[in-house]
Amino acid sequence: MKIIRTENYLEMSVTAGRLLAEKIRSNPSMTLGLATGSTPKGLYEYLIQDHRDNGTSYQQIQSVNLDEYVGLPAQDPNSYHYFMWKNLFDHIDIAGESTHIPNGAAEDLEQECTRYDQLIKEIGGVDLQILGIGQNGHIGFNEPGTPFSSRTHIVTLAENTREANSRFFNSMEEVPKHAITMGITSILESKEIFLLASGEQKAEALSKLLNGEISEAFPASALKQHQNVTIIADKNALKYI
Ligand code: GLP
């Protein structure tokens, strides 16, 4: 795994943004795998600014998001649908029908998982996947113990993940208990991966990822089996490396 160490969050975001915008300009019909959370927000801000300043176009881009909470409709401000429109899609020229996010409000969730896997296949797979990392090593919403063989599936969120994400909700009770997420195999099938991390709260996770063994107990360790992963992280997140 290649590591790019940056001074701080802004430099991490700009570095990832420059690399990504360059890839989009040289392959304007690529499929982007997108993530939510606080980590990629600065990257999305960079892409919006770059779209305005340099005209990088998303008209032929397809996007596939990693995950969504179960039970939250798209218009709920805490849904990842809402997050993606507010923080990126509303500000670039991507076509709405080219953006794909699992539907956490689907009546038949098993069928939604199958539909999502099929869709990723039909659009030819993900060219570049953006990832954040949870403090317990989760990627997407693949919590510790998720089989590496998994594709899109329903998960029960770990209590520490619900706690970490409760900062966005009014109370702990409002944090959904389940989510729908692309699986580890789905993630590993993308041609290239950027893993972003910032801040001391991610330092232990990065240390386990880089120094620990490959194990389903630590989902991000599966990334060591991929040939084209770049970690873009600030010095606080890399303080044990
Ligand atoms: C969330 C998301 C992940 C994200 C991670 C870290 O639960 N499902 O895709 O990478 O947790 O979030 P943050 O970037 O806010 O630290």
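A pocket, as the word is used here, is an open set of grid points with protein on both sides within 12 Å along at least five of seven lines, and its lining residues have an atom within 4 Å of a point. Keep that in mind for the views below, which show a predicted model.

**View 1. The largest pocket and the residues around its centre.** Here we look at an open space of about 770 Å³. Its lining counts 37 residues, and those nearest the centre of this largest pocket are G37, S38, N165, R167 and F168. The biggest giver is α3, which puts five residues into the lining of the largest pocket. Sort the lining by class and you get 14 nonpolar, 18 polar and five charged residues.

View 2. Around the ligand you'll find 14 residues, and the closest are S38, T39, D67, R167 and K202. What is this shell made of? Three of its residues are nonpolar, eight are polar and three are charged.

View 3. Zoom in on three side chains here: H138, N165 and R167. For H138, a polar side-chain atom lies 3.0 Å from a ligand oxygen. The side chain of N165 has an N or O atom 2.9 Å from an oxygen atom of the ligand. With R167, the distance from a polar side-chain atom to a ligand oxygen is 2.9 Å. How much of the ligand's surface does the protein bury? On its own the ligand would expose 390 Å², and the protein buries 94% of that.

View 4. Which helix gives the most? That would be α4 (residues 109–122), with five residues in the lining of the second largest pocket. By class, the lining has two nonpolar, five polar and four charged residues.

View 5. How many cavities of 30 Å³ or more turn up in the whole structure? The search finds one. The largest cavity holds about 30 Å³ of space. Look for L32, L34, L47, Y58 and I61 in its lining, together with S63, L88, F89, I92 and I94.

Terms used
Residues numbered from 1 in each chain as written. Predicted model: local features only at pLDDT ≥ 70, side-chain atom pairs only at ≥ 80, totals over all residues. Heavy atoms only, no water. Near = heavy atom within 4 Å. Polar contact = N/O pair within 3.5 Å; in protein donor to acceptor, adjacent residues only side chain to side chain. Areas by Shrake-Rupley, 256 points an atom, 1.4 Å probe, with all protein chains shown as cover. Nonpolar A, V, L, I, M, F, W, Y, C, P; charged D, E, K, R; others polar. 1 Å grid on protein atoms, 1.4 Å probe; cavity = no way out; pocket = protein on both sides within 12 Å on 5 of 7 lines; lining within 4 Å. Points joined across faces, edges and corners; volume = space filled by probe spheres on them. Helix = DSSP H or I, 4+ residues; strand = E, 2+ residues; numbered from the N terminus.
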